[in-house]
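Here are my notes for your first read through the model. Keep the structure open and check each point as you go.

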Amino acid sequence: MAAVPIGRLAHWAQAFEDKLCHLADDLDTDWQAPLLSPWAFMQAMPTDRAATLWPRLWRSRLAEEGRWPTLDQFDDPWPRLSLLARPDLLHRLCVLALARRPGVLRCCIDRSVRVPLQRALADAFPLLSAFSQQGRPVDAVQAGWSPVEWACVGFVDWADMLGSDARMVKSLVRWSLPRRMLDLRCEAGPVPAERSAEAARQALVQAGLEWPC
């Protein structure tokens, strides 16, 4: 891997610091009590003081999750996903899951399912709809999954692309997803897919949609 220019390393350092500053806002409700209850005093702190303290608190907590990522790792699109805010994370994971399984949108004919997916996929919806024309159909259960359920599928897809020492990076993303839903998805195992995760990412990039950003 070529050396990453110092300017880009500085950019990733700032992006990681920003992620820690706003991580409390990125937590799914399932994670808020277990992770934030020891720091209830932060609610009474002035905003500017809290902004400087949050990264220190999170560094202490994340030290329990394993090795720190090196800054050059964020030049790789797979670890870089972890730097995004929660709404962007959920969007990108949902996009990845459906790019790997293009037949899903062909089968989502129920308006109560299709409309939320269209909102969640946003600008990626037309592209994924075009992919879906040649995709294999899925069963009725999968055709009824919500955007958050597909984001959990996308998490499993994404996590498989990381190394064994990426526990901390995975935690930054896992905490943005519903804990119980994600646990069930992980226990159920991978959802069959037509494309590998890397092939899906390349298809998105070639179609003009950078993933994750």
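Is Ala122 buried, partly exposed or exposed? Ala122 counts as partly exposed, because its relative accessibility is 42%. The cut-offs are these: buried means under 20% relative accessible area, exposed means over 50%, and partly exposed lies in between (1.4 Å probe, protein chains only).

Before the points, some ground rules. This is a predicted model, in which local features need pLDDT of at least 70 and side-chain atom pairs count only at pLDDT 80 or more, while totals for chains, interfaces and linings use all residues. Residues are numbered from 1 along each chain as its sequence is written, and side-chain values use heavy atoms, with hydrogens and water left out.

1. Ala122, continued. Find Ala122 in the loop between α8 and α9. Helices here are DSSP runs (H or I, at least four residues), as strands are (E, at least two), numbered from the N terminus. The phi of Ala122 is near 50°. That is a positive value in a residue other than glycine. Most residues other than glycine have a negative phi.

2. Two packed helices are described by the angle between their axes and the distance between the axes. Helix α8 covers residues 111–121, and helix α9 covers residues 125–132. Their axes come within 8 Å and cross at roughly 120°. So α8 is oblique to α9. Axes are lines fitted to C-alpha atoms, for helices over the stretch in contact, and angles run from 0 to 180 degrees between N-to-C directions. Under 35 degrees counts as roughly parallel, over 145 as roughly antiparallel, 65 to 115 as roughly perpendicular, and the rest as oblique.

3. Who meets whom there? Arg114, Gln118 and Leu121 come from α8; Phe125, Leu128 and Ser129 come from α9. Contact means heavy atoms within 4.5 Å. By class, this contact of α8 with α9 has 3 nonpolar, 2 polar and 1 charged residues. Nonpolar covers Ala, Val, Leu, Ile, Met, Phe, Trp, Tyr, Cys and Pro; charged covers Asp, Glu, Lys and Arg; the others, Gly among them, are polar.

4. Helix α6 (residues 86–100) and helix α11 (residues 147–159) have axes that come within 7 Å and cross at roughly 75°. The two are therefore roughly perpendicular to each other. Residues of α6 in the contact include Leu90, Cys94 and Ala97, and those of α11 include Trp150, Val153 and Phe155. The residues of this contact divide into 12 nonpolar, 1 polar and 2 charged.

5. Val153, in helix α11. Val153 is buried, because its relative accessible area is 2%. Not counting residues up to four places away in sequence, Val153 touches Ala97, Arg101, Trp145, Arg185 and Val191.

6. Cysteines. How many disulfides does the structure hold? The structure holds 0 disulfides, where a disulfide is a pair of cysteine sulfur atoms within 2.5 Å. For Cys21, the nearest cysteine sulfur is that of Cys213, 18 Å away. For Cys94, the nearest is that of Cys108, at 9.6 Å. Cys94 counts as buried, because its relative accessibility is 0%.

7. Asp28. Look in the loop between α2 (23–26) and α3 (29–36). Asp28 counts as buried, because its relative accessibility is 6%. The side chain of Asp28 reaches the backbone nitrogen of Asp30 at 2.9 Å. A polar contact of 2.8 Å joins the side chains of Asp28 and Arg86. A polar contact is a pair of N or O atoms within 3.5 Å; within protein, one must be able to donate a hydrogen and the other to accept it, and residues adjacent in sequence count only if both atoms are side-chain atoms. Leaving aside neighbours within four places in sequence, Asp28 is in contact with residues including Trp175, Ser176 and Leu177.

8. Leu182, in helix α13 (residues 179–188). Leu182 counts as buried, because its relative accessibility is 2%. Leaving aside neighbours within four places in sequence, Leu182 is in contact with Cys152, Phe155, Arg174 and Leu177.

9. A cis bond. Most peptide bonds are trans. A cis peptide bond joins Trp211 and Pro212, with omega about 5°. Pro212 sits in the segment after α14 (197–206).
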